[in-house]
2 protein chains.
Amino acid sequence: MAANRTRSQTVTDDIRELIVQGELQPGEHANEQPIAERLGVSRTPVRTALSTLASEGFLVYHPNRGYFVRRFDLSELMDAYDVRATLEGLAARRAAERGLSEEDEAAIRAALADGDRILTKDHFEPDDLLPYRAMNMAVHGTVIRAAHSARLEQAIRSAQNMPLLSDRIILWQDLPILRRSHDDHHRVLDAILHRKEWRAESLMREHVYYAGLNLQRHLRQYCGHDDVIQPEAWRDVLAS
Amino acid sequence: MAANRTRSQTVTDDIRELIVQGELQPGEHANEQPIAERLGVSRTPVRTALSTLASEGFLVYHPNRGYFVRRFDLSELMDAYDVRATLEGLAARRAAERGLSEEDEAAIRAALADGDRILTKDHFEPDDLLPYRAMNMAVHGTVIRAAHSARLEQAIRSAQNMPLLSDRIILWQDLPILRRSHDDHHRVLDAILHRKEWRAESLMREHVYYAGLNLQRHLRQYCGHDDVIQPEAWRDVLAS
DNA sequence: CGGCTTATAATTGGATACAATTACCCTTGT
DNA sequence: ACAAGGGTAATTGTATCCAATTATAAGCCG
């Protein structure tokens, strides 16, 4: 099995990282030559990478002017979470319809136990952030995979694509919110296992939507009156 | 306002048309050189166009081997309709929440009247196909636009991207099915106008899903045992 | 005769060169 | 002082060239 990757694909990952990490800031013009020099390649793979990233939603393309890092405001953030919530709800429904494989069920149960262990502590420390994030991604990723729909997976991924956002966001300042959120995980799994499709769908949908609302509330204090999200807003939310 | 299009964008449209029209058949290898010669350009704009079309879902990319026209089977078709149904349901809900502008309401009412007029006839003739399709696209397009979410629009469009499919499909062989479908349009608009968000969402969702089921049933007779959809299946469904 | 190796052709990936368009700055006129 | 115009620099778009990889087919050995 050839895990064969071409150069421009690694360049794509590199530039995406530059965007997500904020080195290319929202609104900034992605100049091809400097990026090519920085990554030690010619403009050609950079161009195809920029094209790919534009299709992923990280960049916008202006003919004869190039690619610019997309900037988002709060309403677009909630837009994205709304779409994602609906699609993940569909994923939960289809997982409930098909049922979980043994491995998937085991994976989710292990993740839920991890989450329980982390959240029984009195304080949420920075060291808990990575394990919690891994747990969260395991739960959602497994449900999405259990839906057995490549198109649905792709739609969810593209709904999440956003500079500085991606799927690595954890709001860890507020322990009760995390507990409420993790309780949702338990209830979603329960609904899926008992084949309650409608309940699984609506629970998952509200769970993701709720996360979006909390993120919005958190980010609002960093926004100007135009609701454009400033890069520094992510500092205490992102885990590199 | 510069409606400035670059060359590779028109090349993208040309190649997309080749795919949708079936000149590049599903599974076929998109050879860069012949395409470039055929369109009278060099390989460079062709390459960027192929990359774009791959991101739209019309092609799949194999590193060091190039781009291939995606082939679909019936389960993937229903996958796509399922995702699209869910997303259009969300669009209907948001349209109901926000309410329709006067122009949007007028546009939909006009479209509904058109559909009524076409469907009161005893037979559906080929000449009715284009007006009906226009009516259908007007209803769905207006609802989607009324949701005021660029991300949702993009997600719906990408859920529809499929060689030989696109949004130009009308199953016109069966008049009762069309009547039932158009009746859905009336009920969806009614739910939106009366701000019944939940009802608008579920009605639209089932409406689109139902269309997918009918299309699937129609296409099944053209499929081999592997359920791969053959190009000739679209002949009496497509309106160029 | 069939499977494997190897040589050759075809095709893609990437670098470079050039053309076309746009952005920037300086000048100029009112 | 400031708006409009023009010219230069910077940047993108396309073509061409070469390298790297893969597909194809002939040859070889069992």
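## Surface around DNA strand D

Of the atoms of DNA strand D that lie within 4 Å of the protein, 77% are sugar or phosphate atoms, and the rest belong to bases. The model is predicted, so local features need pLDDT of at least 70 and side-chain atom pairs count only at pLDDT 80 or more, whereas totals for chains, interfaces and linings use all residues. Residues are numbered from 1 along each chain as its sequence is written, chains are lettered from A and ligands numbered from 1 in the order in which they are written, and side-chain values use heavy atoms, with hydrogens and water left out.

DNA strand D is surrounded by 20 residues, a residue being near the strand if one of its heavy atoms lies within 4 Å of it. The closest are Asn4(A), Tyr61(A), Arg7(B), Ser42(B) and Arg65(B). By class, this surface has 4 nonpolar, 10 polar and 6 charged residues, where Ala, Val, Leu, Ile, Met, Phe, Trp, Tyr, Cys and Pro count as nonpolar, Asp, Glu, Lys and Arg as charged, and the others, Gly among them, as polar.

## Phosphate contacts

Phosphate oxygens of DNA strand D lie 2.5 Å from a side-chain N or O atom of Tyr61(A), 2.7 Å from a polar side-chain atom of Arg65(B) and 2.9 Å from a polar side-chain atom of His29(A). The elements that give two or more residues to the surface near DNA strand D are β1 (29–30) and α3 (43–56) in chain A, together with α1 (7–20) and α3 (43–56) in chain B; helices (H or I, at least four residues) and strands (E, at least two) are DSSP runs numbered from the N terminus.

## Aromatic pairs

Rings of Phe, Tyr and Trp (its six-membered ring) pair if their centres lie within 6.5 Å, with planes under 30 degrees apart counted as stacked, over 60 as edge-to-face and the rest as tilted; over all chains, the count comes to 2 aromatic pairs. The ring centres of Tyr61(A) and Tyr67(A) are 4.8 Å apart and their planes stand at 40 degrees, so this pair is tilted. Tyr61(A) is partly exposed at 33% relative accessibility, while Tyr67(A) is buried at 11% (buried means under 20% relative accessible area, exposed over 50%, partly exposed in between, with a 1.4 Å probe and protein chains only).

In chain B, the rings of Tyr61(B) and Tyr67(B) also form a tilted pair, because their planes are at 35 degrees, with the centres 4.8 Å apart. Tyr61(B) is partly exposed at 34%, and Tyr67(B) is buried at 10%.

Methods. A polar contact is a pair of N or O atoms within 3.5 Å; within protein, one must be able to donate a hydrogen and the other to accept it, and residues adjacent in sequence count only if both atoms are side-chain atoms.
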